[in-house]
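This report describes a structure for a reader who meets it here for the first time. The sequence and the structure are shown below.

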Amino acid sequence: MSPEPGSINLTDRIRGGVDPMVPRIYNVERIRRNNHDTFTMELNPADGGNPEPFSAGQFNMLYIFGVGEIPVSISGDPVQDGPLMHTIREVGTVTRAMARLKPGDSIGVRGPFGSHWPVELAVGTDVVIVAGGIGLAPLRPVIYQVTGNRSRYGRMVLLYGARAPKEILYQRQLKAWGGSFDMDVHVTVDRGERGWNGEIGVVTGLIRRAPLDRSGAIALICGPEIMMRFSAQELLRRGMDKDRIYVSMERNMKCGVGLCGHCQYGAKIICKDGPVYRYDDIESLLGRREV
Amino acid sequence: MFILEPDGFEKILDSLREKGYRITGPKLRDGAIVLDTIDSAASLPRGVRDHQGPGRYRLEETGDDSWFSYTLGSDSWKKLFFHPIKPLFKTTRDGGLLQIEPEPPREGLKALIGVRPCELQALAIQDKVLAEGEFVDRHYVASRKGTFIVAVNCTVPGGTCFCVSMGTGPVADRGYDISLTELGSNGATRFVARAGSPHGEELLAAASSGKAGESDLQLEAELLEAAAGNMGRSLDVEGLAAALAESGDHPRWEEVAERCQACTNCTMACPTCYCHTVEDSTDLTGSVADRTRVWDSCFTADHSYLHGGSVRETRGARYRQWLTHKLSSWHDQFGGSGCTGCGRCITWCPVGIDITEEAQAVRGTARG
Ligand SMILES: Cc1cc2nc3c(=O)[nH]c(=O)nc-3n(C[C@H](O)[C@H](O)[C@H](O)COP(=O)(O)OP(=O)(O)OC[C@H]3O[C@@H](n4cnc5c(N)ncnc54)[C@H](O)[C@@H]3O)c2cc1C
Ligand code: SF4
Ligand code: SF4
Ligand code: FES
């Protein structure tokens, strides 16, 4: 007979004494425009401590005073110390309010939450990164991590699709990474414009011609759902293995910690067992309507 | 096993109250059974039974003074622990600087009287989701601690009950401090009582009128066996979770969408549904902002909203999410069914959609 069957043998197990639903306050250090609708925020804890450590691919819940809270991936370097970075596209109420923040303003941060890109699997082998639009932001930590310890990894290839040349994120960094032979950078745009003499077309076109020759390579994909599905299929056609392809999923999120029910995707709970999934784990769901 | 007479029942309530427990139990209000604070056993409904069917609920006098001939009303115990509206924290702004003041979790002794076996399972399911994962809901944990449960086995199942199919009733086998089975009526109500905890044992030892005899136990067994054979509904769960997982584009979802009003009644009445959202508001001066957690439902458009629109735009897709979550994906997520067979979603659906019927229809003609 357990001591209190009607009651529960529960302890208030909270990590590090912190309620996962209560944010930590961070101050905005600086906001940099990436393009007409995207900006990168640098934040430091208001209490003077260090930002929470994170792994590439994890996200935070960012709260704007009285306005709302949204999930946003971390776009900074997971290895080097530095401010917390988020790259955000303005699409609605909260993201627009964030774009108006000024250095010195405060926001609430909960996290980091969720699964991460399996960068450890890339040690000694090639990494193919396929990104669409804002999908490059959650993958930038992988690039930092690999370039920061370059010799541990094989070749790194970035295949990146943006809508238009002026929407390409992190332009200067892309040039630097490509120019220093740290990585093969291939960029395509949906529609060109004057002065653009690079690729035009969807990112799957880049996959078709990408240098993918080493077996055992891993591929990390982030972008709109349909782009991830077609990219994965193209990578499979190029001979990659299902269990070496990873994608990052997105659904409405209210809690980020597996309690609110919003981020369900079939049997998956994206904030908890995702957002990063091995392709074969969600293959049967991708492309199904209204899941 | 003890025998408990009505005055012993009252004694138990008295000693719980003396120990500081707040007592909640069924009450009769506006022609329905509701869960509310009760002062004494006299506040409990007597001599009523319910008639429940798809979209139908009606109480009727039994003509005797039986204590527990009715089953469940629309509200479940979850409201006591997973509060419909819960402040999370308050933010104040001083210039550009924020201060966050979390709402302190509130503990308190609660005694629940008349918890049905399926409802014990519902509590266990919510414990699993909200209090036993990697992260926990602090407010739920605090209010769920210090709960004393008097369970009542069902001798008169309702018209939408299917606990037998779900393996949750009509007999409570764990999760209670005291369980009762009502024997006889007509002025002679007595209960076979079992202790499920030392605290329950202590109260029963002091309040009972002795050990249950052979004939009492014989009668109890007969009543409970008859109840198990008297379920209003049934659901064949063998292989059901797997079949539903493959039912993505079954035409039945579109068919049920024509009837479903997306009113959210089923999810609000369901004792295991735990979906919630958060609301932010500011005071008039704009210097104080409140964040509040409120119940939500997968039948709303906002539940699956991503900028640009809802993922589950159609009612068919929302109904599919609801039913497959309850009976299929819950198994993957939490190691068991999300449905207890309580029947509330059937009774309180304004158009009488029946989960057992829909699940059967989808499974009966599942492809693959
Ligand atoms: C794991 C994860 C990582 C993300 N990482 C990034 C990132 O790095 N950069 C970036 O710009 N965006 C990212 N997003 C998308 C971002 O969360 C949405 O753009 C944002 O929520 C839109 O909020 P809004 O209030 O501006 O839009 P509105 O259209 O006004 O949305 C209203 C509300 O709906 C919800 N909502 C709307 N769209 C989304 C969405 N796509 N995902 C989740 N909830 C949503 C939010 O609660 C939002 O406040 C990520 C989403 C997820 C799930
Ligand atoms: S799904 Fe219906 S029958 Fe099952 S527990 Fe919820 S309300 Fe009760
Ligand atoms: S997703 Fe729907 S069925 Fe599942 S817990 Fe939430 S409201 Fe209930
Ligand atoms: S965001 Fe709440 S459960 Fe995933």
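## Sheet and ligand site

In β6(A), N27(A) has S106(A) as its bridge partner. The model is predicted: local features need pLDDT of at least 70 and side-chain atom pairs count only at pLDDT 80 or more, while totals for chains, interfaces and linings use all residues. Residues are numbered from 1 along each chain as its sequence is written, chains are lettered from A and ligands numbered from 1 in the order in which they are written, and side-chain values use heavy atoms, with hydrogens and water left out.

Strands β1 (residues 24-35) and β6 (residues 106-113) of chain A run antiparallel and are joined by 4 bridges. Helices (H or I, at least four residues) and strands (E, at least two) are DSSP runs, numbered from the N terminus, and two strands pair if DSSP finds at least two bridges between them. Strands of a sheet pair through backbone hydrogen bonds, either parallel or antiparallel.

Ligand 1 is surrounded by residues from chains A and B, so the site is shared between chains. A residue is near a molecule if one of its heavy atoms lies within 4 Å of it. Of the 23 residues around ligand 1, those that come nearest are P71(A), R89(A), T95(A), E250(A) and H307(B). β4(A) gives the most to the shell around ligand 1, with 5 residues.

The table lists polar contacts (pairs of N or O atoms within 3.5 Å).

| Residue and its N or O atom | Distance to an oxygen atom of ligand 1 |
|---|---|
| P71(A), backbone | 2.6 Å |
| V94(A), backbone | 2.9 Å |
| K254(A), side chain | 2.8 Å |

Taken alone, ligand 1 exposes 810 Å² (Shrake-Rupley method, 1.4 Å probe), and the protein buries 89% of that.

Technical notes. A polar contact is a pair of N or O atoms within 3.5 Å; within protein, one must be able to donate a hydrogen and the other to accept it, and residues adjacent in sequence count only if both atoms are side-chain atoms.
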